[in-house]
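Hello,

Here is the structure I said I would pass on. My notes on it follow below.

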Amino acid sequence: MDQRALPEQDFSMFADSVRRSGPARLRVTEAMTRLEAERLRVVRAMERGRPVAARVLGRGGEEINRNLSREVPHWRTLDSVNVSGSVEQLAVSLPNNTFAMDAGLQMISVWHRDALSPEVRLVLSGEDPQVYFFGYGPLQMKIVDGVAVLLEGPVVRNQRTVIVVRDAACMAAARHYWDAVRATTYPCAAEEPPADGLTERQRRVVALLLICSSDDQIARRLELSVRTVRTEVAVILDLLDAPTRFVAGVRLRERLSRTLA
């Protein structure tokens, strides 16, 4: 079920300079330093075979993703800080997140805005403003059910790993970092739109044009009829002065380079 806010909600109050001010970022940096120290302590203990409340979730991207997909259905809550991502990755992860939330997962996803491309920021701006936020979070992590944190683990056989940590000191540092990051956030939906005159629904369609190849896909994501989506796409093409979806994509990227950079 779509849990977005009501159409035409004004988010401009969130995108203020105070939430990304120097003192707020400094608190994040201090909390990140503490968490990184705890992470390294846990990693060293694992490397030396010492007892520590942590385990390797997976090694290498394919194994990590496969094991994550097995564990996510058992999670109740997820608080995540995401440092980077691509449009191609979002095309996969956003529908997966929606599926997990429809199944009962309560999620808050914060994205480190400074590291994101304009296209990625546009895609995220069309997502649920109660779930997806921009903020200042240079260290990636995921807190699961308030009792475990997923962090970068030791390198094993020249492959990166992700570890699931329940160590008390590391968990305390993760919560402190999360609180500091959250103090810098605002809904992704507050991002400046790439074209004037868009309704909330049209804005979502614009964002989905970058990750969905057909009107059918957009219709499924927004729970709309294909006819309604086609009508909205026609309006968007007119606003962008674009005869085709391909040209619309070019126009969007041109505008994004000016308005969201």
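**Salt bridges**

E152 is partly exposed, with a relative accessible area of 34%; the classes used here are buried for under 20% relative accessible area, exposed for over 50%, and partly exposed in between, with a 1.4 Å probe and protein chains only. This is a predicted model, in which local features need pLDDT of at least 70 and side-chain atom pairs count only at pLDDT 80 or more, while totals for chains, interfaces and linings use all residues. Residues are numbered from 1 along each chain as its sequence is written, and side-chain values use heavy atoms, with hydrogens and water left out.

The side chain of E152 meets that of R160 in a salt bridge, at 3.1 Å from N to O. The term stands for a side-chain nitrogen of Lys or Arg within 4 Å of a carboxyl oxygen of Asp or Glu. R160 is partly exposed as well, at 39% relative accessibility. By this rule the model has 13 salt bridges.

Three residues, E38, R41 and D167, are linked in a network of salt bridges. R41 pairs with E38, with the closest N and O atoms 2.7 Å apart. These two are three residues apart in helix 1 (residues 22-47), so about one helical turn separates them. Helices (H or I, at least four residues) and strands (E, at least two) are DSSP runs, numbered from the N terminus. E38 counts as buried at 19% relative accessibility, whereas R41 is partly exposed at 35%.

R41 also forms a salt bridge with D167, and here the closest N and O atoms are 2.5 Å apart. D167 lies in the loop between strand 7 and helix 5 (168-182) and R41 in helix 1, so the pair ties together parts that are 126 residues apart in sequence. D167 is buried, at 14% relative accessibility.

**Nonpolar cores**

A nonpolar core is a set of buried Ala, Val, Leu, Ile, Met, Phe, Trp, Tyr and Cys residues joined through side-chain atoms within 4.5 Å. The largest has 49 residues, and L124, Y132, L150 and I218 have the most contacts inside it. Helix 3 (residues 87-102) supplies the largest share of this core, five residues. A second, separate core has 25 residues, among them V42, V110, F133 and L151.

Which residues does I218 touch, not counting those up to four places away in sequence? They are V205, L208, L209, C212, V229 and R245, where contact means heavy atoms within 4.5 Å.

**Largest pocket**

On a 1 Å grid over the protein atoms alone, a pocket is an open set of points where a 1.4 Å probe fits, with protein on both sides within 12 Å along at least five of seven lines; lining residues have an atom within 4 Å of a point. The largest pocket has a volume of about 1,300 Å³, volume being the space filled by probe spheres set on the points, which are joined across faces, edges and corners. Its lining has 40 residues, and N65, L68, S93, N97 and K142 lie nearest its centre. Helix 3 gives the most to this lining, with eight residues.

**Positive phi angles**

N158, a residue other than glycine, has a positive phi near 65 degrees. N158 sits in the loop between strand 6 (148-152) and strand 7 (161-165) and is exposed, with a relative accessible area of 78%. D241, also not glycine, has a positive phi near 55 degrees. D241 is in the loop between helix 8 (226-239) and helix 9 (245-259), and is exposed at 57% relative accessible area.

Regards
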